Amino acid sequence: MTLLKTSILSAISSGIKILTGLVVTKIIAIYLGPVGIALLGQFASLKTIVTAFSTGGIKNGIVKYISEYRDDATNRNNFLITSFLIGFIFSIISCIILVAFNEFFAEKVLHEKTYGYIFTIFGISIFFLTLNIILMSFLNGMGEIKKFIMINIASNFVGLIFTSIMSIYIGIEGALISYATGEAIVLIVTIVMILKSKWFSFDILKGEIEKDNITKLLKYTLMALFTLISLALTPIIIREYIGSYLSWEEAGYWQAVWRISQIYLMVFTMILSIYYVPKLSGLNDINDIKKEIKSGYKLLMPIVITIMLSIYFLREFIVELIFTKEFLPAITLFAFQLIGDTIRVASRLVDKLLIAKAKTRLFIFSELFFSLTFITFAIIGINYYGLIGVTYGYAFSFLLYFIWIMYMYNRNKLV
C-alpha cells in the first residue's frame, strides 16, 4: 500500500477518532471540570506506561520482523508465538504490581487511596489489552492496513459509548474504570478480523519459541521503556509540577492543550507507525531510504503547517467546542505548543529509522535527550514565566532534538 493510500485511510480513522474523542472530552469537561481533566490525564499517562510494559515493549519489533518474514510462514509463526510468551510474562508482572500496590498508585497518581480498586480492575484487564496489542501489531506487520484501521475505528466507538455512559452516570470513578478496561473489549473485533484473513490458519499457533527471536524482540523492550519516559512519564512529572507549584486548575488548562495536541497529532503518528516502520524496515539501500523520507516531507509537512495555522486562528472556538468556557485561559498556550508540534512531526519523520533499523542505543539516547530537556526547560519556564513557560520549554526541546536528529541523519548514522 502506498503512502498516499495509507495517509487517506489513516486520515479517515483519525478523523473518526478525533470526532469520538471530542465528544468524550466535551462530556468529561462538562461533568468533571479542569481538575477531572487533569486527573484523567495522569491516569492516561500511567496507562500508557503500564500498557507498553505489559507487552514487553515489543510492539514495534513485532511489526518489523513480521513484515520482514511476511512470506516466510515458519519464521513468522515463530515470532508470533515468542511474542505471546513475552507478552504473557510481562502481563503477569504488571498485574501483580497493580493489584498489590493499588492504593499506592491511587494515592500517587490520583491523590485518593479509595481509588485503589480501579488499579485492581486495570491489572486484571491488562491480559486482554496486551493480547489485543500483539495481534494488532501482527496485522500491521502482515500489511493488513484496512483491517488494522477498522479495529482502531471500532475501538473509538467503544471508547465513546463506554466512557460517556460511565462519566455521566458514575462520575470521575466511572471515567477511570472506562479508561482502564474499554480497549480490552476490542479484542473480540481483532480476533474476528484475523480469523477472516486469507492467510490465516491455526498453524500460526504451532510456531516455536526461539532464543534468537527473544533476543531480537527484547531489544525493543529497552527502546519501549525509554519511549515511556517521553510519552507518559514526562507529562506526569510536568503535570504534577504544575499542580503543586501553580494549581491543579492550571494543570487542567495545560492538559486541555496537551489533549488537543494529541488529538491532531494522532493522524501523523498513525501514518508513521503503520506505513513508515514496515516500509523503512524493508529498505536497505540508503538512497531508497532517503527518497522515501524526502517524499514523506513533501507530502506531510505542508498538511502539518496548514493544520497548525488553522488551529491557532480557531483556538478560542476549539477550546469552547471541545471543553467549556471554563477552559478559555488555555488559549494563551497554543502558539508555542503548535510550533513544538510542527517540529515534532518533522523530527519523527526521520527518527522512525531508529525503530525500523533497531538502533537501540541511539533510540534510547534520543528519548532521554528529549525527555530531560523538556522537563528541565518546562520547569525553568514555569518558574520564570508561569504556565505559558511549559510551552516555551516544549518548543525549545523539540528544536534541539530536531537539530540533533538531522545531524545524525545527514551523517548516515541512523541506517
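Reply: What follows is a walk through a few features of this model, which is predicted.

Me: How are two packed helices described?

Reply: Two packed helices are described by the angle between their axes and by the distance between those axes. Take helix α4 (residues 102-110) and helix α5 (residues 116-141): the angle is about 115° and the axes are 7 Å apart.

Me: What does that angle make of α4 and α5?

Reply: The range for roughly perpendicular runs from 65 to 115 degrees. α4 and α5 are therefore roughly perpendicular to each other. The crossing of α4 over α5 is right-handed.

Me: Which residues make the contact of α4 with α5?

Reply: From α4 come N102, E103, F105, A106, V109 and L110. From α5 come G116, Y117, F119 and T120. By class, this contact has six nonpolar, three polar and one charged.

Me: How do α3 and α5 cross?

Reply: Helix α3 (residues 73-100) and α5 have axes that come within 9 Å and cross at roughly 165°. Angles over 145 count as roughly antiparallel. That makes α3 roughly antiparallel to α5. Here too the crossing is right-handed, with α3 passing α5.

Me: Which residues of α3 and α5 make the contact?

Reply: On the α3 side they include R76, L80, F84, F88, I92 and V99. On the α5 side they include F119, F122, F127, L131 and F138. The contact of α3 with α5 divides into 16 nonpolar, six polar and one charged residues.

Me: Is S137 buried or exposed?

Reply: S137 lies in helix α5. The cut-off for buried is under 20% relative accessible area. S137 has 2%, so it is buried. Leaving out residues up to four places away in sequence, S137 touches K59, I62 and V63.

Me: Which residues of α7 are buried?

Reply: They are I172, G174, A175, L176, I177, S178, A180 and T181. That is eight of the 10 residues of helix α7 (residues 172-181), so α7 is largely enclosed by the rest of the structure.

Me: What about I89 and I12?

Reply: I89 is in helix α3. Its relative accessibility is 41%, and it counts as partly exposed. I12 is in helix α1. At 46% relative accessibility, I12 also counts as partly exposed.

Me: Now the rings. How is an aromatic pair described?

Reply: A pair of aromatic rings is described by the distance of the centres and the angle of the planes. The count here comes to 25 aromatic pairs, with centres within 6.5 Å as the rule. For F43 and F119, the centres are 5.5 Å apart and the planes are at 65°, so the pair is edge-to-face.

Me: Which parts does the pair of F43 and F119 tie together?

Reply: F43 lies in helix α1 (residues 3-54) and F119 in helix α5, so the pair ties together parts that are 76 residues apart in sequence. Both F43 and F119 are buried. F119 also takes part in the contact of α4 with α5, and in the contact of α3 with α5.

Me: Which residues form an aromatic cluster?

Reply: One aromatic cluster is formed by W254, W258, F365, F369, F370, F374, Y394, F398, Y401 and W404.

Methods:
Residues are numbered from 1 along each chain as its sequence is written. This is a predicted model: local features need pLDDT of at least 70, side-chain atom pairs count only at pLDDT 80 or more; totals for chains, interfaces and linings use all residues. Side-chain values use heavy atoms; hydrogens and water are left out. Axes are lines fitted to C-alpha atoms, for helices over the stretch in contact, and angles run from 0 to 180 degrees between N-to-C directions. Helices (H or I, at least four residues) and strands (E, at least two) are DSSP runs, numbered from the N terminus. Angles under 35 degrees count as roughly parallel, over 145 as roughly antiparallel, 65 to 115 as roughly perpendicular and the rest as oblique. A crossing is left-handed if the near helix is turned anticlockwise from the far one by less than a right angle, and right-handed if clockwise. Contact means heavy atoms within 4.5 Å. Ala, Val, Leu, Ile, Met, Phe, Trp, Tyr, Cys and Pro count as nonpolar, Asp, Glu, Lys and Arg as charged, and the others, Gly among them, as polar. Buried means under 20% relative accessible area, exposed over 50%, partly exposed in between (1.4 Å probe, protein chains only). Rings of Phe, Tyr and Trp (its six-membered ring) pair if their centres lie within 6.5 Å; planes under 30 degrees apart count as stacked, over 60 as edge-to-face and the rest as tilted.
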